[in-house]
Amino acid sequence: MQFFKLKQALIKFKPTATLKTLMVSSVIALSTGCSLTSSDKTEASVEQSAKTPPNILLILSDDHAWNDYSFMGHEIVKTPSLDKLAAEGVTFKRGYVPTSLCRPSLATIATGLYAYQHGITGNDPSRKLPGGKKGAEYKKQRAEIIAKIDKVKLLPNLLKEKGYVSLQTGKWWEGNFARGGFDEGMTRGFPQKGGRHGDDGLKIGREGVDIITNFMDKSSAAGKPFLVWYAPFMPHTPHTPPQRLLKKYSNLGLAESVAKYYAMIEWFDETNGQLMDHLEKTGLKDNTLVVYVSDNGWITNPKQTDRFLPKSKQSPNESGVRTPIMYSLPSQFKPQMRTEATSSIDIVPTILGAAGIDIPKELPGVNLFDNMKNQTPIERDTIFGEGFAHDMDDLNDPESTLLYRWVIDGEWKLILSYDGTNVSYQKYHDDFLVGPRLYNIKKDEYEKVDLAAKHPEIVARLSKKIADWYPVTKRKVLQK
């Protein structure tokens with residue numbers, strides 16, 4: 001009788017695909033007179049997720065310092081939703097992005113390639129072109145930069161092999177969302193008016209997340225795994241948080257610009273909580289891979305609203321390139337706080353690994369899926385990065401605006417500076433286009449003590465690693 005009633009309820013009720021799977025399992029258990037133990041349930045969940053590719057929610061914070069989270073030890077900023085994600089998932093506190101400028105950084109996350117490989121090294125064409133930013137040549141070069149994504153494989157397209165549907169929201173520089181391989185999206189893109197780096201997509205988060213939750217529900221109801229690109233314009237400027245949040249930080253005696261930035265972080269965190277709650281409420285959480293990373297760092301200028309300080313955005317220093325990177329997939333990963341250095345270059349191969357898709361040989365990153373699932377060490381000893389000028393010069397020669405390359409090897413980090421062309425934001429670079437800089441980042445994570453003169457042998461060894469990474473033939477390493 002109990003089985004009959006439950007069966008009838010299932011017929012009338014129209015649950016999501018994941019919920020239906022769970023309820024059918026319960027019906028089978030009742031009909032055979034058995035009850036599932038917690039161990040049986042765990043094994044069943046793992047087995048089911050192995051058959052069904054996980055949904056993917058890619059969360060990309062924007063201009064967010066690596067240490068501005070509660071779980072990273074900040075004593076003021078409140079990030080309860082990200083704290084929960086960090087506690088439940090696999091958290092790399094020493095994550096990095098290879099390039100600390102939003103457009104090339106986001107292009108790396110979408111392609112799994114370094115900037116010198118995908119060719120999008122800066123945000124815009126050179127402002128020194130004839131006619132300036134409003135000239136015909138500037139407009140022509142904007143289109144040429146976007147066209148670079150037509151020559152590489154993009155994550156949304158790679159996932160189509162397993163039936164994924166995809167949604168773009170937030171920051172997206174490379175034209176219309178469809179050009180990026182997304183099935184649906186918010187960004188109209190250049191050459192439409194306002195289509196520089198997201199246009200309509202920049203409303204997400206600041207004006208709610210219903211577009212995302214509706215897409216999740218629709219995809220789940222259709223039995224389709226989904227990819228969501230959630231790259232809100234947060235905590236990015238303009239720092240315009242709700243008054244209720246700003247008041248909390250303004251009352252602490254902080255500079256106005258700092259209070260606004262901190263309030264923006266908490267606002268961004270709230271939007272993540274809304275998405276996580278929806279995944280849990282709809283039964284999608286166990287088989288959804290949530291990936292979190294920030295595109296680059298930020299240090300607020302305490303004397304000027306909506307401005308940053310040197311050694312953060314656009315910089316190869318820790319406050320420019322470091323970010324926590326998190327992966328959560330409850331059906332596969334146990335909570336882990338990991339100490340290894342990792343990079344956003346690993347995100348695409350790891351997502352493909354989780355989806356059971358062959359990883360293109362040209363991708364330089366590491367598939368971390370098995371390392372996280374089996375809690376095994378990552379067999380890699382170096383992390384590389386590169387920095388270019390904000391404005392691109394020769395669009396077909398990444399070396400033309402190369403300013404930095406860096407490597408992390410164990411406890412050591414070496415930064416080399418180069419003589420690339422730089423026509424903008426000079427004040428953020430002038431003091432740092434100097435000779436090799438060496439830091440022991442395990443003991444000195446704020447890079448206060450340059451040890452290059454004290455350890456020339458380490459500088460030589462790590463310089464060779466950088467040179468072997470890929471050849472630079474036109475630019476010279478600065479020595480003073």
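Two strands pair if DSSP finds at least two bridges between them. Helices (H or I, at least four residues) and strands (E, at least two) are DSSP runs, numbered from the N terminus. This is a predicted model, in which local features need pLDDT of at least 70, side-chain atom pairs count only at pLDDT 80 or more, and totals for chains, interfaces and linings use all residues. Residues are numbered from 1 along each chain as its sequence is written, and side-chain values use heavy atoms, with hydrogens and water left out.

**Stop 1: the sheet of 4 strands.** Select β10, β12, β13 and β14, which in that order form an open sheet with antiparallel pairing. At its edges you will find β10 (382–388) and β14, each pairing on one side only. Now pick β13 (residues 412–417): this strand and β14 pair in the antiparallel sense over 4 bridges. Click on Leu 414, and look across to its bridge partner in β14, Leu 438.

**Stop 2: His 455.** Leaving aside residues up to four places away in sequence, His 455 touches Trp 412 and Leu 438; contact means heavy atoms within 4.5 Å.

**Stop 3: the sheet of 8 strands.** Next, colour the open sheet with the order β5-β4-β6-β1-β7-β8-β2-β9, where the pairing is mixed. Edge strands β5 (184–185) and β9 (336–343) each have a single partner strand, so one side of each lacks a neighbour in the sheet. Helix α4 (residues 80–88) packs on this sheet and touches β2 (90–96), β7 (288–294), β8 (322–328) and β9. Then show β4 (residues 165–170) and β6 (residues 226–231), a parallel pair with 6 bridges. Here Gly 170 has Ala 231 of β6 as its bridge partner.

**Stop 4: Glu 266.** Move to helix α11 (residues 256–281) and select Glu 266. Is Glu 266 buried or exposed? Its relative accessible area is 8%, so Glu 266 is buried (buried means under 20% relative accessible area, exposed over 50%, partly exposed in between, with a 1.4 Å probe and protein chains only). Show Lys 78, Leu 245, Lys 248 and Tyr 249 too: Glu 266 touches these, not counting residues up to four places away in sequence.

Conventions. Axes are lines fitted to C-alpha atoms, for helices over the stretch in contact, and angles run from 0 to 180 degrees between N-to-C directions.
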